[in-house]
Amino acid sequence: MTAGKRARLERIGTDDTYVIIPMDHGITMGAVKGLKDIESTIDAVTSGGADAVLTQRGIAGRVHPNKNDAGYITHLNGSTTIGPDEQDKRTTGTVEDAIRAGADAVSFHINVGSQYEPEQIEELSELTTEASRYGLPVLAMAYARGPDIDSENEDYNQSVGHAVRLAEELGADIVKTGYTGSAETFQHVVESTSLPVVIAGGSKGTDEETVRMVRGTMDAGAAGVSMGRSIFQHDEPEKIARAVSAVVHDDATTEEALREAGLAVEA
């Protein structure tokens, strides 16, 4: 690993652990709750301990003044919920675009098992090659999604493990994927790659559900989270970011993290 890539990885994490808040959902879902006044949300989550925020390059100017010296990741593909197929992610920028936007790293979404997998494999491979020339880390969002993949099946973690291994094989530096429901099943996913593994948050649950999922992730040996809606759509995004950060960075229990963040602990 080059000195430049290592330095940039340190900007988006803390001691090789990561609390990343993706807010690229504006291209996917529109200006939903938490994204209209994205400046305030970015200030809140980074004040709560998030290491980095992630957006599409077009709003980088709204990110930098509000991120409190946190890292910045530019996402380079996307789709919409109102388009013909949300899994059909298309390229939205280049590595040079990301550098001009002030990015410390770039990210790219691939749906392993979908009909778009072949093109997305080619695009991710090309991206990691290009990013390597600049010493820019690549976060691969590698999900197991397709007609032959059922998240309710007992072997779902095998598919997720395949997805994260694919990301490593294609040259990514960090990989994000979906949680498989327990520390026991997710351990296989973590062991499927030598890359740092971070989990997605998905739809917003209760505070305890969110933090308990993060605790399970870390117990499985993961390196952190890349959680969007669970954090930026929270009524108090700074507090939930603080709770998640306490688990990832300080090894807090679920109850300790909620209490320290000022969030209710369920009886």
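Q: Is D207 buried or exposed in this one?
A: Buried: in this predicted model, D207 has a relative accessible area of 19%. The cut-off for buried is under 20%, so D207 counts as buried.

Q: Which helix is D207 in?
A: D207 belongs to helix α9, which covers residues 207-219.

Q: And what does D207 touch, skipping its close sequence neighbours?
A: Leaving aside residues within four places in sequence, D207 is in contact with H234, I240, L258 and L263.

Q: Which residues of α3 meet α11?
A: A44, V45 and S47 of α3 do, and they meet P237, E238, A241 and R242 of α11. By class, that contact has 4 nonpolar, 1 polar and 2 charged residues.

Q: What's the geometry of α3 on α11?
A: Helix α3 (residues 38-47) packs on α11 at an angle of about 30°, and the axes are 7 Å apart. The crossing of α3 past α11 is right-handed.

Q: OK, switching to the core. How many residues are in the largest nonpolar one?
A: The largest nonpolar core has 69 residues, and M23 and F186 are the ones with the most contacts inside it. Helix α11 (residues 237-250) gives this core its largest share, 7 residues.

Q: What does M23 touch?
A: Not counting residues up to four places away in sequence, M23 touches L35, I38, T41, I42, V45, V53, L54, T55 and F232. V45 is also one of the α3 residues that meet α11.

Q: What about a second core, which residues does that include?
A: There's a second, separate core of 15 residues, and L54, A105, Y143 and I174 are among them.

Q: New topic: α7 and α8. How do their axes sit?
A: The axes of α7 (residues 156-169) and α8 (residues 183-191) come within 8 Å and cross at roughly 30°. The two helices, α7 and α8, are therefore roughly parallel to each other. Their crossing is right-handed.

Q: Who makes the contact?
A: On α7, N157, Q158, V160, G161 and V164 make the contact, and on α8 the residues are T185, H188 and V189. By class, the contact of α7 with α8 has 3 nonpolar, 5 polar and no charged residues.

Q: Where's A131, and how far is A131 from V164 in space?
A: A131 is in helix α6 (residues 117-134). A131 and V164 are 33 residues apart in sequence, and their C-alpha atoms are 19 Å apart. A131 counts as buried, at 0% relative accessibility. Beyond residues up to four places away in sequence, A131 touches V95, V106, L136 and V138.

Q: And P137, where does that lie?
A: P137 lies in the loop between α6 and β7 (138-144). At 1% relative accessibility, P137 counts as buried. Leaving out residues up to four places away in sequence, P137 touches K5, R8, L9, D104, A105, V106 and D173.

Q: How far is P137 from M1?
A: The C-alpha atoms of P137 and M1 are separated by 9.9 Å, though the two are 136 residues apart along the chain.

Terms used. Residues are numbered from 1 along each chain as its sequence is written. This is a predicted model: local features need pLDDT of at least 70, side-chain atom pairs count only at pLDDT 80 or more; totals for chains, interfaces and linings use all residues. Side-chain values use heavy atoms; hydrogens and water are left out. A nonpolar core is a set of buried Ala, Val, Leu, Ile, Met, Phe, Trp, Tyr and Cys residues joined through side-chain atoms within 4.5 Å. Buried means under 20% relative accessible area, exposed over 50%, partly exposed in between (1.4 Å probe, protein chains only). Helices (H or I, at least four residues) and strands (E, at least two) are DSSP runs, numbered from the N terminus. Contact means heavy atoms within 4.5 Å. Axes are lines fitted to C-alpha atoms, for helices over the stretch in contact, and angles run from 0 to 180 degrees between N-to-C directions. Angles under 35 degrees count as roughly parallel, over 145 as roughly antiparallel, 65 to 115 as roughly perpendicular and the rest as oblique. A crossing is left-handed if the near helix is turned anticlockwise from the far one by less than a right angle, and right-handed if clockwise. Ala, Val, Leu, Ile, Met, Phe, Trp, Tyr, Cys and Pro count as nonpolar, Asp, Glu, Lys and Arg as charged, and the others, Gly among them, as polar.
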